[in-house]
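Colleague: I would like to go through this structure and ask what the labels rest on. Please set each value against its definition.

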Amino acid sequence: MKIIGIIPARYASTRFPGKPLAILGGQPMIQRVYHQVKNILEEVWVATDDQRIYDCVTAFGGRAVMTSVSHRSGTDRINEALDHIGRTFDVAVNIQGDEPFITPEQINTVCRCFEDEQAQIATLAMPFGHDMAAIENPNSPKVAVDNHGYAMYFSRSVIPFVRGVDRTEWPSAYPFLKHIGIYAYRVPILREITQLPQSALEKAESLEQLRWLQEGYRIKVGITNIETIGIDTPNDLARAEIFLKQLYS
């Protein structure tokens with residue numbers, strides 16, 4: 001398969017404006033993400049709506065493409081980026097621009113989902129373990145999968161409900177899965193899903209993937225045991241600096 005990795009990166013952010021250009025370990029965060037992905041995928045681009053990000057990427061030797069400021073999701077931005085890049089690919093991988101510690105193993109896992117010819121979209125999940133507080137956190141979406149590794153539902157609520165068991169014992173009674181927000185799409189499917197209107201489930205949970213699931217698309221879920229460290233706020237960046245120093249100490 002011919003695979004392209006695209007990193008959507010916008011400058012405006014309610015909680016952390018200019019986040020892609022924030023310095024982490026002496027480098028802009030977008031540079032760290034780019035090089036992590038470049039370690040595994042030959043074709044990597046940054047899709048941005050801001051000249052400052054574009055200039056930063058091209059300055060360190062990366063590939064970048066300008067896209068509209070009006071996109072509501074990274075999926076839509078990737079769709080436009082493919083139009084500008086103008087070449088044919090089988091699969092597009094959507095890598096979050098605030099994941100500087102994403103690993104080759106995670107990217108490989110999501111790409112291997114397409115060895116199943118029925119897979120139209122792919123994503124990742126990891127076991128929560130026994131931390132019930134983490135499982136109950138609505139900012140950590142959960143996913144339930146069928147016996148063939150396909151998503152049945154995503155939710156900010158705890159799914160499933162474990163009947164007849166004290167809530168403190170739920171992690172021992174069921175292997176809850178945390179959704180990891182990396183996606184990959186067969187390109188024809190990407191073209192289709194970006195034309196869909198928001199669905200009722202998506203609006204209710206504020207989870208874009210429910211739009212695709214409600215429309216009947218098949219989302220293959222790869223399992224990883226590697227935790228991602230996303231950066232949403234300046235406080236997250238400070239913690240990432242500490243993690244980076246520990247990583248290389």
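Colleague: How do the residues of the lining of the largest cavity divide into nonpolar, polar and charged?

Modeller: They divide into five nonpolar, four polar and one charged. Here Ala, Val, Leu, Ile, Met, Phe, Trp, Tyr, Cys and Pro count as nonpolar, Asp, Glu, Lys and Arg as charged, and the others, Gly among them, as polar. This is a predicted model, in which local features need pLDDT of at least 70 and side-chain atom pairs count only at pLDDT 80 or more, while totals for chains, interfaces and linings use all residues. Residues are numbered from 1 along each chain as its sequence is written, and side-chain values use heavy atoms, with hydrogens and water left out.

Colleague: What makes a space a cavity, and which residues line the largest cavity?

Modeller: A cavity is a set of points, on a 1 Å grid over the protein atoms alone, where a 1.4 Å probe fits but cannot get out; lining residues have an atom within 4 Å of a point. The lining consists of Ile-95, Gln-96, Glu-99, Ile-102, Gln-106, Leu-124, Ile-180, Gly-181, Ile-182 and Thr-228. Strand 10 (residues 177-186) gives the most to this lining, with three residues; a strand is a DSSP run of E, at least two residues, and a helix one of H or I, at least four, numbered from the N terminus.

Colleague: What is the volume of the largest cavity?

Modeller: About 60 Å³, where volume is the space filled by probe spheres set on the grid points, joined across faces, edges and corners. The structure holds one cavity of 30 Å³ or more.

Colleague: Why is Glu-202 called buried?

Modeller: Buried means under 20% relative accessible area, exposed over 50%, partly exposed in between (1.4 Å probe, protein chains only). Glu-202 has 6% relative accessibility, so it counts as buried. Glu-202 is found in helix 8 and touches Leu-207, Glu-208, Leu-210, Arg-211 and Gln-214, leaving aside residues up to four places away in sequence; contact means heavy atoms within 4.5 Å.

Colleague: Why is Lys-203 called exposed?

Modeller: Its relative accessible area is 59%, so Lys-203 is exposed. Lys-203 also sits in helix 8 (residues 200-205).

Colleague: How do you know how compact the protein chain is?

Modeller: The chain has 10 helices and 11 strands. Its radius of gyration is 18 Å, close to the 18 Å that the globule rule gives for 249 residues, so the chain is as compact as a globular protein of that length. The radius is taken over C-alpha atoms, and the rule is 2.2 Å times the number of residues to the power 0.38.

Technical notes: On a 1 Å grid over the protein atoms alone, a cavity is a set of points where a 1.4 Å probe fits but cannot get out, and a pocket is an open set with protein on both sides within 12 Å along at least five of seven lines; lining residues have an atom within 4 Å of a point.
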